[in-house]
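This briefing is meant to be read with the sequence and the coordinates side by side. Please keep both open while going through the points below.

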Amino acid sequence: MGLILVLSEPFEKALSLVQTIGMPMILANGIGTALFLLIVYNVISDQEKATAIQAQKSLRIADQTIGYLRKGMNTETALAVCNILFRELKPSAVAMTNKTEILAHVGLADDHHQAFSPLQTHITKEVLQNGELVLANEETIHCVRNDCPLGAAVIAPLKLRDETIGTLKLYYPSEKAITNVTVELIAGLSSLLSNQLEIAEADRAFQLAKDAEIKALQAQISPHFLFNSMNIIVSLIRTNPDEARRLLTSLSYFLRQNLEGTTVDKITLEQELSHVKAYLKIEEARFIDKLKVCIDVDPSILHITIPPLTLQPLVENAIKHGIKDMQKNSVVQVRIQDEGDAISILVQDNGTGISKEKLPLLCANQIESETGTGMGLYNVNRRLMMTFGKQAALHIESEDDNGTEISFLIPKLEVAT
């Protein structure tokens with residue numbers, strides 16, 4: 001309107017025109033500008049909503065799939081993941097493969113894309129070789145069936161320690177149905193699933209390391225105990241051959257149980273108590289009438305399983321360190337009770353006790369012993385916590401010249417049948 005006033009002649013007519021159209025044009029332009037800004041705002045808002053929906057969907061998929069892929073990638077876990085992706089993303093089909101075969105396929109064409117079938121498309125093999133995401137159209141899919149309804153696919157690699165170990169494939173009716181957002185989402189899901197596989201591998205490695213440490217702890221036995229036992233047996237061969245034979249049988253059983261303890265994760269309470277009794281027969285030959293052992297256990301829980309070599313080292317500790325200097329009236333009590341959801345185990349002696357300075361160190365550090373079998377309190381405590389958690393840690397109560405009480409709780413685990 002300013003240009004009209006400047007350029008138009010005669011000025012009077014230009015001014016009259018501006019006065020006539022000025023207000024309607026201002027209103028129309030204002031409304032038009034407002035509508036334009038509103039459209040821009042709505043477009044940006046829709047993009048933000050779409051991004052939020054995709055992020056929410058990704059988090060939901062991650063939450064649903066992690067429980068499966070933490071178990072590793074196999075036909076069972078792959079099928080579960082494919083069902084989740086098919087339900088959440090709604091493609092024509094979803095598939096997962098390893099390096100050689102289809103692990104799972106959900107959706108269209110499941111009549112010829114089946115689990116345990118060898119890889120059917122060359123482009124999948126290229127992804128496995130190159131480790132990069134690709135888009136496949138009808139010309140590059142090269143399905144073995146000419147009437148296959150799958151017209152396009154996004155094929156993403158699944159990696160473990162930078163090595164491609166499989167693929168994630170999402171199929172669509174045509175290439176036009178695949179948007180940039182879809183490609184980015186599938187690329188993100190590929191990285192997510194690969195990270196979950198990394199976590200599963202790390203969990204397995206940690207479990208193997210933990211199992212190896214438990215086996216190493218269970219395998220420990222001091223040569224001092226073996227030498228002392230053999231010396232006792234040798235001294236009895238001439239004076240009391242029957243007793244020597246009985247002790248040799250007990251020692252043989254004891255050593256066999258120690259060896260078997262390195263090959264199994266759990267044994268029954270009954271088996272552990274048999275191991276303890278074999279050990280006590282050897283020790284009673286040394287203490288003669290100075291030692292009394294009382295074992296109180298509910299017969300109904302003898303089938304409950306515990307880690308092997310758990311109870312015997314505690315009894316040994318009570319004898320070797322608790323009552324070693326006592327000349328008479330030495331008593332060691334073993335009490336195993338049913339506490340409902342758990343089993344309480346207590347080993348108590350009336351020996352010299354443990355000093356307040358040494359007590360905090362027993363389970364926190366490994367203390368070497370010249371007379372023990374190497375299965376110290378530290379080792380037992382560590383195995384219990386590694387197997388059942390911190391709630392199963394040893395609880396020690398002791399005072400100088402007033403005996404020692406060691407107790408712990410373990411959940412009920414029945415032996416597998």
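How many helices and strands does the chain have? The model is a predicted one, and its chain has 11 helices and 12 strands. Of the 417 residues in the chain, 41% are buried, and among the contacts with a separation of 6 or more, 63% are between residues 24 or more positions apart.

**The hairpin of E1 and E2**

- Strand E1 (residues 93–97) pairs with strand E2 in the antiparallel sense, over five bridges, and a hairpin of four linking residues joins E1 to E2.
- Within this pairing, alanine 95 is placed opposite histidine 105 of E2.
- Strand E2 (residues 102–107) is largely enclosed by the rest of the structure, because five of its six residues are buried.

**The hairpin of E11 and E12**

- Strands E11 and E12 also pair in the antiparallel sense, here over four bridges, and glutamate 397 has glutamate 405 in E12 as its bridge partner.
- Five residues lie between E11 and E12 in this hairpin, and in the turn aspartate 401 has a positive phi of about 60°.
- In a regular strand, side chains alternate between the two faces of the sheet.

**Threonine 404**

**Helix H10**

- The 12 residues of helix H10 (residues 311–322) should span 16 Å at 1.5 Å a residue, and this agrees with the end C-alpha atoms, which are 16 Å apart.
- Helix H10 is mostly covered, with 11 of its 12 residues buried; the buried residues include Leu311, Leu314, Val315 and Ile319, and also Gln312, Glu316, Asn317 and Lys320.

**Nonpolar cores**

- In soluble globular proteins, nonpolar side chains tend to be buried together.
- The largest nonpolar core here has 37 residues, of which Ile336, Leu394 and Ile410 touch the most other members.
- Two or more residues of this core are given by each of helix H9 (269–287), H10, strand E9 (330–338), strand E10 (342–349), helix H11 (377–388) and E12, and the largest share, six residues, comes from H9.
- Leucine 394, when its neighbours within four places in sequence are left aside, is in contact with residues that include Leu314, Leu377, Val380, Leu384, Ile406 and Phe408.
- Another core, of 28 residues, lies apart from the largest one, and Val81, Val94, Ala104 and Leu160 are among its residues.

**Cysteines**

- A search of the whole structure finds zero disulfides.
- Cysteine 82 is buried, with a relative accessible area of 0%, whereas cysteine 294, at 27% relative accessibility, counts as partly exposed.

Conventions. Residues are numbered from 1 along each chain as its sequence is written. This is a predicted model: local features need pLDDT of at least 70, side-chain atom pairs count only at pLDDT 80 or more; totals for chains, interfaces and linings use all residues. Side-chain values use heavy atoms; hydrogens and water are left out. Buried means under 20% relative accessible area, exposed over 50%, partly exposed in between (1.4 Å probe, protein chains only). Two strands pair if DSSP finds at least two bridges between them. The expected span of a helix is 1.5 Å times one less than its number of residues. A nonpolar core is a set of buried Ala, Val, Leu, Ile, Met, Phe, Trp, Tyr and Cys residues joined through side-chain atoms within 4.5 Å. Contact means heavy atoms within 4.5 Å. A disulfide is a pair of cysteine sulfur atoms within 2.5 Å.
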